[in-house]
Amino acid sequence: MKRTIALALTAAALSASCNRGATTGNAGTSKPTVALVLKTLNHPFFVDMRRGAQEAADRLGVTLQVQAAEREIDVEKQMQIVENMIQTGIQALCITPSGSREIVSALVKAKDAKVPIIVVDTRVDAKAAADAGVRTETFVGSDNYEGGKLAGEYLIKVTGGNARVGILEGIPGHETGDSRMHGFRDAVKGSPGITIVASQPANWERDQGFNVFQNMLQAHQDIDSVFACSDLMALGAIEAIAAAGKTGRIRVIGFDALDDAKKAIAAGTMEASVAQFPSEMGRVAVESAVKVIRGETVPPDIKVKLELVTKDNVK
Amino acid sequence: MIVPARQFGTLVGLLALCVILWILTPYFMTVSNLLNVAEQTSINAIVAVGMTFVILSGGIDLSVGSIVALSGVVLGTSLQAGHSLAVALPLSLAAGLLCGLANGALVSWGGLPPFIVTLGTMSIARGAALLFTEGRPVSGFDPSFRVLATGRVGFVPAPVIETTMVYAAAHFVLAHTTFGRYVYAIGGNEEATRLSGVSVRFHKTMIYGVSGLMSALAAVILTARLNSAQPIAGMMYELDAIAATVIGGTSLMGGDGTLSGTLVGALIMGVLRNGLNLLGVSSFLQQIVIGAVIVVAVLIDTVLKRKNRT
């Protein structure tokens, strides 16, 4: 009995696979669908980006499909999502790559399905993309290198060019964190009074920011400034500073200007944070996607502004 | 040992899931999407083969994800150092196998609980992978290697064929060799197996070795698929593999289960993830659904088992 049911189901399934195969190509008659594949949705940055993208999608009358991996570093899961989204006949793909090189394999699949690609926030490795024959329509994002530089120049200004700095890096090998760190390092390079005493990855995470900075403090009692490549790590470091009873004696500069970071800046436990505008990125990404769908051209590189938030301008 | 009725239950579950998704979304039941699901499932399915061996013997292996990462970076760095696949592949498989054998030796000769040993290896192998690569991914390989994941035979993706071959071989070992019989025997009653003159220690070591080897095979496909070997790859793979195994009806107490069940279990996980993506379900809700399916599948299994016994 059970066997019969199963056979019937299998038969039904197989016949369906033949019928349905032909009907998937009819997109375009209804509202166009744009996919936004994020690194994760458990970070306020990407939640803001989704909000901006959704507002633009509503305004322009397109359907927006937002998906993200459970963890920010899970490239394989992100690749699966891209593959699955392609199956639903999306007309454009906006993506924040979890890995600059690794994502290229997924983008090849989008290219093969003739889905235009808009890269957001984190760049795709240019050489890897070229080798695979992947062409992206545009990159929408802030210049992370410039942001890091902004932070470095600010540190020189407030310390008068004398500081012993600890750096909390992002995930090693990721373009976003590397660019911020290099921007910062290049900015302080010319100041002989500024010494980078330690530089360790804390993988973008708050708890790791706490632990890594606690360890740095153990090893280097004289650290007086921190540059964290993201606010979550900066916030972790602030907790570690508080635990060590050094609140107010160590300057913390972060990146992203998250709400919690702004509160910390207002409260005086944090010095500054480089603000990006993720909702702006989401908005521009969807607008660019719609332009591409309509056959209009978009510039290959769209810069979204950066701003340093300090206690003087924090809202 | 093999209870067709229960395996059948899992299969019916998979088919029911497919039918539901077929009704809910027009994009699911297409040839290209089904091949897509099969391809996406292959990595977890292969890791789950090793996990099934270990769980059948009454153990657990938490280190599979880290071993995927370590064998992956061994493969990646040897390929980038200019070695041919004929050199790099055995090296990477050896790395996985050695990790597994070390697990097995510590469990059997060291007398330590598998949970603790593999928890330790999980951290050691991950750290080794990070140390080995200084935390950076190793990317960019020759197309002749990448064909292992990107190639197609006819219209079937290469990983699907590789997975099928792994399952055929593993099924043969489990069902038709003395080693396979001992896997069940050790999980069923270790003491009795020992008393009947079987070298339980040796066989247990080999069982964990199989698991390490399977992780290394999965790493080959993963590396080819992403065109990159990442030291942070494979995180949480142990949980996906355990889920596939238990959804497939293998008892966590050992001694009872089948590989075909595990394959169906892995497919259920893959179909579910794919279907939820196609439906545009929020990523947070997806985690809840997947978790619920794992619990419900095992619950049904347990209830059926109880009925069968009485």
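**Figure 1. Helices and strands of chain A in the predicted model.** Chain A holds 11 helices and 12 strands, where helices (H or I, at least four residues) and strands (E, at least two) are DSSP runs numbered from the N terminus. The model is predicted, so local features need pLDDT of at least 70 and side-chain atom pairs count only at pLDDT 80 or more, while totals for chains, interfaces and linings use all residues. Residues are numbered from 1 along each chain as its sequence is written, and chains are lettered from A and ligands numbered from 1 in the order in which they are written. The C-alpha trace of chain A spans about 75 × 50 × 40 Å along its principal axes. Of its 315 residues, 54% count as buried; a residue is buried if 20 or more other C-beta atoms lie within 10 Å of its own, exposed if 12 or fewer, and partly exposed in between, with C-beta atoms placed from the backbone. Among contacts in chain A between residues at least 6 apart in sequence, 75% join residues at least 24 apart; two residues are in contact if their C-beta atoms, placed from the backbone, lie within 7 Å.

**Figure 2. The two domains of chain A.** Domain 1 comprises 27–142 + 278–304 and domain 2 comprises 144–275; such bounds come from an automatic or database domain assignment. The C-alpha centres of the two domains of chain A lie 30 Å apart. Eight residues of domain 1 of chain A are in contact with 10 residues of domain 2 of chain A. On the domain 1 side, the touching residues divide into three nonpolar, three polar and two charged. In this division Ala, Val, Leu, Ile, Met, Phe, Trp, Tyr, Cys and Pro count as nonpolar, Asp, Glu, Lys and Arg as charged, and the others, Gly among them, as polar.

**Figure 3. The parallel sheet of chain A.** Six strands of chain A form an open sheet in the order 2-1-3-4-5-11, with parallel pairing; two strands pair if DSSP finds at least two bridges between them. Strand 2 and strand 11 (301–303) of chain A are the edge strands, each pairing on one side only. Strand 1 (residues 33–38) and strand 2 of chain A are joined in the parallel sense over six bridges, and Leu38(A) has Ala68(A) of strand 2 as its bridge partner. Strand 3 (residues 92–95) and strand 4 of chain A are also parallel, over three bridges, with Cys94(A) opposite Ile118(A). In a regular strand the side chains alternate between the two faces of the sheet. Strand 4 (residues 117–120) of chain A is covered on both faces: Ile117(A) and Val119(A) are buried on one side, and Ile118(A) and Val120(A) on the other.

Figure 4. Strand 6 (residues 163–169) and strand 8 (residues 225–228) of chain A pair in the parallel sense over four bridges, and Gly166(A) stands opposite Val226(A).

**Figure 5. Two residues of chain A with positive phi.** Trp204(A) lies in the loop between strand 7 and helix 8 of chain A. Its phi is positive, about 70°, although Trp204(A) is not a glycine. Trp204(A) counts as buried because it has 26 C-beta neighbours inside 10 Å. Asp256(A), in strand 9 of chain A, has a positive phi near 120° and is likewise a residue other than glycine. Asp256(A) counts as buried, with 25 C-beta neighbours inside 10 Å.
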